[in-house]
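Please open the model in your viewer and keep the selection panel at hand.

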Amino acid sequence: MEQKNSQTISTTSSHDNNILDLFGHYQFENGSSQVLFLDVNQNEKGGTFLNHSLSFSVENFVQTLASCNGLILFSGYSIESIDQSCYYVFNPLTKQSTMIPQPCIQGYVVSVGLASNDDNNQFKIVLIEENSSKLINGLEFHIFSSDDDTNKWNKVSHYIDLTLPSLPEIEFKELSIHPLYSNGSIHWEIGGYLLVYNVEKNNCELIELPNFFEDWSWQSTMTYRRCLCESRGRVYYCYTDFDGFHIWELLKKNHNLGLGPFYDSKKLRWKLVHSVMHEFFLSKHQVFCDTLFKWEPYKIAPIAYSEKAQTIYLQIPGAVVGYNFDTRNLRSICRYSYQDMNFSCCSFFSTFAFGTHNVLRGKDLVTNGEIMELNLPIGEIEKLSF
């Protein structure tokens, strides 16, 4: 695989509005991975296609941190020294990557995000640091820009005028969610809040999440799996809890819900779009769920939401499914194998702009309603090395 040293990565796209792009990162016990790209036809009778031209395997250990406009951000280690942590920005279309050494920081790395626009083919990595020596109970941003010839990380120099929640001392890594880049901003879930950072304007705001709880370290274990996703330019926050799975839409800052001067833009910024109780869901699809696993709310992970298709995509142990809110039908997207109860070894993410959808390149996983097993590992797949 061709590797670039902090140079521009080109990205092209031709996106079909009827196609939802998913990619799955399957990690094996020895640290190797397979990254598989699925083209999902959002029509209820449509098929799911495995895009072999984009899928690949990698022998060295990497983790998926974020994706944005056809690029994927991985964390891993430098091929020159296994002691040097680094980031890789990877283009599945060209199979080119950029290796960026991680910056030296004194505080705690809260999260890392990726920003990229289709029009300039450049990218930025934004790393959030907590407890900086310059900021008390605040966050400092370290930014790497691909169009900066110095190839160095830059710090945001201004103070962030926000009252941030204290972060839990113990992180539940398996419960953390990936950031979302939408409308020029990176969105992070941090301690019961949504942190929105506008990359170009270099400003941010903190918005209370709809499932906010004072002790978020405890609340995060109650809400289980969550995701941030975009549909038709709108940002959605999806999560599961003891009761069911829920979808909230983030409203614009000037949308005051008719409350006038009593409107609080840091709290009242969400509209409930859908909410489905587990009891109701099981009453309709008990047989299907029983064939895969014993139903437990914490095993349900939202992946994406499509406003056009009125469908939420969920990962459950051994399968990815789509639930249509209008018809209440449950549709299998694909199935995967896993050992024991470690179904988290395979994580799925929604993204877009990975290029032209050509079903002739892939293998049809769903044909005439018959589900074909997606057996992992896949034998014939391109092998890369970061």
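What you are looking at is a predicted model, in which local features need pLDDT of at least 70 and side-chain atom pairs count only at pLDDT 80 or more, while totals for chains, interfaces and linings use all residues. Residues are numbered from 1 along each chain as its sequence is written, and side-chain values use heavy atoms, with hydrogens and water left out.

Now switch to a cartoon, in which the secondary structure comes to 2 helices and 30 strands; these are DSSP runs numbered from the N terminus, helices being H or I of at least four residues and strands E of at least two. Of the 386 residues, 56% count as buried, a term that means under 20% relative accessible area, with exposed meaning over 50% and partly exposed in between (1.4 Å probe, protein chains only). Among contacts between residues at least 6 apart in sequence, 55% join residues at least 24 apart, contact meaning heavy atoms within 4.5 Å.

Select Ser-32 next, in the loop between strand 2 (19-27) and strand 3. Ser-32 counts as buried at 8% relative accessibility, and its side chain makes a polar contact of 2.7 Å with the side chain of Asn-30. A polar contact is a pair of N or O atoms within 3.5 Å; within protein, one must be able to donate a hydrogen and the other to accept it, and residues adjacent in sequence count only if both atoms are side-chain atoms. Not counting residues up to four places away in sequence, Ser-32 touches Tyr-26, Gln-27, Val-58 and Glu-59, and its C-alpha lies 5.5 Å from that of Asn-60, 28 residues away in sequence.

Move on to Gln-42, in the loop between strand 3 (33-41) and strand 4 (48-51). Gln-42 is buried at 14% relative accessibility, and a polar contact of 2.5 Å joins its side chain to that of Ser-306.

The next selection is His-142 in strand 12 (residues 139-145), which is buried with a relative accessible area of 2%. Which side chain makes a polar contact with the side chain of His-142? It is that of Glu-129, at 2.5 Å. Leaving aside neighbours within four places in sequence, the residues in contact with His-142 include Ile-105, Ile-125, Trp-153 and Lys-155.

Ser-146 sits in the loop between strand 12 and strand 13 (154-155) and is buried at 6% relative accessibility. The side chain of Ser-146 forms a polar contact of 2.7 Å with the side chain of Gln-122 and reaches the backbone nitrogen of Phe-123 at 3.0 Å.

Finish at the second largest pocket, which holds about 470 Å³ of space. Of its 21 lining residues, Ser-185, His-187, Val-196, Glu-205 and Arg-269 are the closest to the centre. On a 1 Å grid over the protein atoms alone, a pocket is an open set of points where a 1.4 Å probe fits, with protein on both sides within 12 Å along at least five of seven lines, and lining residues have an atom within 4 Å of a point. Strand 17 gives the most to this lining, with 4 residues.

Key
Grid points are joined across faces, edges and corners, and a volume is the space filled by probe spheres set on the points.
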